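Me: Hi! Could you look at this model with me? I have a few quick questions.

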Amino acid sequence: MSTSGKIAVAGVVAAIVLFWAVGFWAGLLVLIGVPVAAYLLLDSSQRRRLKGISRKQIGR
């Protein structure tokens, strides 16, 4: 299994555990809020680099 596949499986397992432990809405807030907060904490040059990497992978 590829690295991205392992990360996806781990994310699904974490979501199921989080939903069970704290409830649906709180779990959804955490699952959406953490990546958004991490993106907003990036420097503008880091955001540019991240967007460039995403575009390169789309063009494969």
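Me: Which residues make the nonpolar surface patch of about 520 Å²?

Reply: Leu31, Ile32, Val36, Tyr39, Leu40 and Leu50 make that patch. Patch residues have over 30% relative accessible area and no salt bridge, and nonpolar side chains (Val, Leu, Ile, Met, Phe, Trp, Tyr) are joined within 5 Å. A salt bridge here is a side-chain nitrogen of Lys or Arg within 4 Å of a carboxyl oxygen of Asp or Glu. Areas are Shrake-Rupley values with a 1.4 Å probe. This is a predicted model: local features need pLDDT of at least 70, and side-chain atom pairs pLDDT 80 or more, while totals for chains use all residues. Numbering starts from 1 along each chain, and side-chain values use heavy atoms, without hydrogens and water.

Me: Where does the largest share of the nonpolar patch come from?

Reply: From helix 2 (residues 24–40), with 5 residues. Helices are DSSP runs (H or I, at least four residues; strands are E, at least two), numbered from the N terminus.

Me: And Leu40, buried or exposed?

Reply: Leu40 lies in helix 2 and is exposed, at a relative accessible area of 55%. Exposed is over 50%, buried under 20%, partly exposed in between.

Me: How much of the chain is buried?

Reply: Of its 60 residues, 3% count as buried. The chain exposes about 5,200 Å², with 70% supplied by carbon and sulfur atoms.

Me: New topic: how many helices and strands are there?

Reply: The chain has 3 helices and 0 strands, in the pattern α-α-α.

Notes
Patch = residues over 30% accessible without salt bridge, like charges linked within 9 Å, V, L, I, M, F, W, Y side chains within 5 Å. Buried < 20%, exposed > 50% of the residue type's maximum accessible area, 1.4 Å probe, protein only.
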